[in-house]
Each structure stands twice: as C-alpha cells, then as structure tokens.
Amino acid sequence: MSYWEFLAEHGGRFLDGTLITAGQFFLSAALAIAIALVAGLMKLSDNALIRTPAVVYIEIFRGTSLLVQLYWIFFVLPLFGITLEKFTAGFVAVGMNLGAYGAELVRGGIQSVPKGQWEAAYALSMSPARRMWRIILPQALVNMLPPWGNLLIELLKGTALVSLISVADLMFEAKQINGSTFLSAQAFGTALIIYYIFARLIVTPFMRWLETVMARKIGKA
Amino acid sequence: MFDWKWDFAFEILPRLGWATLNTLMAAGGGYAIAIVLGLVLALAQRTPLRLLTFVVREFVEFIRSTPLVLQIFFVFYVAPQFGIRLSPWTSGMIAIGLHYAAYLSEVYRGGIESVPKGQWEACRSLSMSTRDTYVRVIIPQALPPALAGMGNYLVGIFKDTPMLSVIGVAELMHAANAIGSEHYRFLEPYTLVGLIFLAISLPSAALIRVFETWVRKKLGLS
C-alpha cells in the first residue's frame, strides 16, 4: 500500500485526532496562563501566607512528572470525591503542570521591569492594582513572551500524554491505526509530522507575531 | 488522609525502591547518550558544509517540537518493520537520549556562541589546530555558561522517564501501574511515586546549583 492510499484511508482519523489535540492545547494553554499569572503574582507577595501556597504548588508540579500528575488526577482524585471526565482531566493536568513553569516566567518577567517604573507609578499615586495592571504587567509581558513561546511548544508536546488515559487525541489515533494496520512508520511518522507542523507553522509564528505586536504597543519597536 | 493504608504503603515501598533504581539507570543512561550525541549535533551545525548544517538544524527543531512519548513509540515499533528488533530498554534509551541530545545541542551552541570572537582569532593567530582550539580554548570557556542548562535537563530527563513505561520499561511508573492493577489500589502507589520524584528532583536541583557555583569559582569566573 502506498503512503497516499494509507493517508486516504486513515486521513479522517488523523484529522479527528488533530482536532482533539488542538482542543486540549487551547484549553490547557488558557488554564496554564491563568494559573501562571495568579501563582506568579502570589509568589512575589511580601505576605508569607500568600507566598507559601504558590511556592508549594510550583515546587510540587515542577518537581514531579506530568505523567504522574495526570494519573494522579485521573485515578486518585475520584477517591477524594472529585471525578473528572478524561478529556477534562487531560487538559487540567497539562494546564496545571505547565502553569507551574509559567509562574516562574511571570515572576521573572515582573522582576525584570526596572525599579524606576514602580517608583514612577507610585509617585503618580496609582493604586497598587492599577500600577500592576497598567504599568508593570504590560512591560513584563513583552519581556516574557519569548520564553512563553517555548513553553507553549512544551505544552503541545505534553498534550500527547492524555492519550494514555484514552483521550482520542492525535497520539491516540496514531496508536490505534498502528494497532490495526501494523504500518508503524506511516502511523507514527504521520503523527510526528502533524505535531511538527502544529508547532512550527502555527504556534511559533503566532508567538513571533504577538511579540512584535506587543513590542510595538508599548513603544519598544 | 482519606482511606490511606499505611501497611499497604509500607508493603509496596521496597518494590518501588527497586523500580527507582531502574528509573535512575534510565535517566543516567539516556543522559550519557544525550551528552555525547548533543555535542555531535552542536558541532555539526558549526561546519562550513551548508547542507549538513541545515539538515542537522531542522532535525534538532523536529525532535524538539514533537512529543517524546510519540518518539518512544516510533523507535520501538518502527525498527522491527525494518528487521531490527530492539528491546524496550534499548529503544527507550535511544528515544530519550536522542530527544535530550537535541536540547543539549542547543545548550552547547549557546555556550560556544558566548565565547568572544577574539578567542577564536587568537587561536588562529597562534595557528592552533581546530581540535586544539575547541579542546583547550573554546570548550573550557563554553562550559560554565552551559552548566545551568545541562543541570536542568538532567533533572528534566529524570522526570521524563515515566514515559518509558508505555513500552514496558520496568521503571517507577510501570511498577506503580502494576501494583495498582494487582491490588486495585491506586492511591498509595501513585502518591508514593509522586513523593519519590519530589524527594529526588528537589535536592538534585539544589545540588546542581551548588555544583555550578563551585565550577565557576574553580575556573576563576565570579
């Protein structure tokens, strides 16, 4: 069977899987960004009561494997009365894991904003919330966008693990097709190429575009 | 804690302990491959052969932007299609070693590029061979800035070893899965695996930072 016949026969399943992977990617990215922002800001707090939970969260999620966290959320949480559907468990695990890495980027980004900016906002008697939202965060965002590009690629790769709790994503479909046709090179090779296209032709160019737009918005380029 | 059975936890601890050794071996083996292969990939991008540079560059990007778990499956299932039978351990080591070699090649590249241009020129004017230039001048200076990245990826490779369980490498996650399905209890094995990972990765991250400052001091940088 030629590769084109293979694609014609199984292309639909690859497409279905890709759509699920895309869904997992966007939902876990949204969750990761929200968690990163909250945990990153909490870690910068002077109040130990606010700082400690963020530090514990970040260390736990960065200190263990995504796969361990995924299995824990899917198989162990139900014992505590929290049962998540597999699709939800998938993007929650990926989002929480990458959110912990993102929190460090947010912290680093905020700390890289020059001190004079804080003082100037203070001198204009801005409220702390307004100062953070209008002055500090926009500049921090520009500083941390390049590493976020890498993190989103890691996040995309992380979503492949949800196939192990039987979410029918791209990885899962590739495994299924491999199991029924035994054409491993075609099945896994096609999935590899789709992930590569997703990362290099969608995620990376989008982040580059966002970098230039944001830099222009705060007048840096 | 809710329904936590201490006697069961203690009963399975020795088994998880042995599996931890396998996990450490897998991480160590994969890292050894990655360190050497990463250098090859980094140096291949510095040759004057445009085509080789381009191919290696794209290869590194490809490895870095596709999921490790898929690469593990690929190596494990595709090799037999071409008549090569690989054990789970061998294919796991190849996949994880290659994956991290791509990451380490970027770390090396960054390190080498951080060496000032004058150092290269000085080597040339002393008519040093390419080999001597790298071994005696460039690499010793490229190493300290690369150490932080190398350390991070050592911890990274350790945390990625659970993925090897998907092809049946008997590491921690594999043992936890087996225990869980034998006893129909997942709370203790999965929680213990998480704790073991924390107990190893947090101190090693701290140790690596200490080692890094020690090397910098030893080489007279800061």
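Analyst: We'll go from the chains to one helix, then to the core and the aromatic rings. Keep in mind that this is a predicted model.

User: Fine. How many helices and strands are there in chain A and in chain B?

Analyst: Start with the element list before any detail. Chain A has eight helices and zero strands, and chain B likewise has eight helices and zero strands. Read from the N terminus, chain B goes α-α-α-α-α-α-α-α.

User: What share of the residues is buried?

Analyst: In chain B, 47% of the 222 residues count as buried. In chain A, buried residues make up 47% of 221. Taking contacts in chain B with a separation of 6 or more, 75% are between residues 24 or more positions apart. In chain A, 74% of the contacts between residues at least 6 apart join residues at least 24 apart.

User: Let's zoom in on helix 7 of chain B. What should its twelve residues span?

Analyst: Count 1.5 Å a residue, and residues 172-183 should span 16 Å. The end C-alpha atoms of helix 7 of chain B are 16 Å apart, which agrees with that.

User: Which residues of helix 7 of chain B are buried?

Analyst: Here's the general idea to carry along: an α-helix has 3.6 residues a turn, so residues three or four places apart point the same way. In helix 7 of chain B the buried ones are B:L172, B:M173, B:A175, B:A176, B:I179 and B:G180. Looking down the axis of helix 7 of chain B, these buried residues fall within an arc of 160°, so they line one face of the helix.

User: What covers the buried residues of that helix?

Analyst: The cover comes from both chains: it includes helix 3 (66-76) of chain A, along with helix 1 (6-44) and helix 8 (187-218) of chain B.

User: What should I look for at the start of helix 7 of chain B, and just after it?

Analyst: At the start, a side-chain oxygen of B:E171 comes to within 3.1 Å of the backbone nitrogen of B:M173. Just after the helix, B:Y184 has a positive phi of about 55°.

User: Can you take one residue of that helix, say B:L172, and show me what it contacts?

Analyst: B:L172 sits in helix 7 of chain B and is buried, with a relative accessible area of 0%. Setting aside neighbours within four places in sequence, B:L172 contacts B:L16, B:A19, B:T20, B:T23, B:V193, B:I196 and B:F197. Also, its C-alpha atom is 6.7 Å from that of B:P162, ten residues away along the chain.

User: Now the core. Which residues have the most contacts inside the largest nonpolar core?

Analyst: In soluble globular proteins, nonpolar side chains tend to be buried together. Here the largest nonpolar core has 110 residues, and A:L161, B:L16, B:M150 and B:V193 have the most contacts inside it. Helix 6 (residues 128-159) of chain A gives the largest share of this core, 13 residues. As for A:L161, not counting residues up to four places away in sequence, it touches A:L66, A:L67, A:L70, B:V69 and B:M163.

User: Last topic: how many aromatic pairs are there?

Analyst: A pair of aromatic rings is described by the distance of the centres and the angle of the planes. Over all chains there are 28 pairs. Take A:Y71 and B:Y190: their ring centres are 5.5 Å apart and their planes are at 40°, so the pair is tilted. A:Y71 lies in helix 3 of chain A and B:Y190 in helix 8 of chain B, so this pair joins two chains. Both A:Y71 and B:Y190 are buried.

User: And how do B:F73 and B:Y77 pair?

Analyst: That pair is stacked, with 5.9 Å centre to centre and 15° between the planes. B:F73 and B:Y77 are both in helix 3 (residues 68-81) of chain B, four residues apart, about one turn of the helix. B:F73 is buried at 4% relative accessible area, while B:Y77 is partly exposed at 32%.

User: Which rings link into a cluster?

Analyst: Ring pairs link A:Y71, A:F74, A:F75, B:F186 and B:Y190 into one.

Methods. Residues are numbered from 1 along each chain as its sequence is written. Chains are lettered from A and ligands numbered from 1 in the order in which they are written. This is a predicted model: local features need pLDDT of at least 70, side-chain atom pairs count only at pLDDT 80 or more; totals for chains, interfaces and linings use all residues. Side-chain values use heavy atoms; hydrogens and water are left out. The expected span of a helix is 1.5 Å times one less than its number of residues. Buried means under 20% relative accessible area, exposed over 50%, partly exposed in between (1.4 Å probe, protein chains only). The arc is that of the directions from the helix axis to the C-beta atoms. Contact means heavy atoms within 4.5 Å. A polar contact is a pair of N or O atoms within 3.5 Å; within protein, one must be able to donate a hydrogen and the other to accept it, and residues adjacent in sequence count only if both atoms are side-chain atoms. A nonpolar core is a set of buried Ala, Val, Leu, Ile, Met, Phe, Trp, Tyr and Cys residues joined through side-chain atoms within 4.5 Å. Rings of Phe, Tyr and Trp (its six-membered ring) pair if their centres lie within 6.5 Å; planes under 30 degrees apart count as stacked, over 60 as edge-to-face and the rest as tilted.
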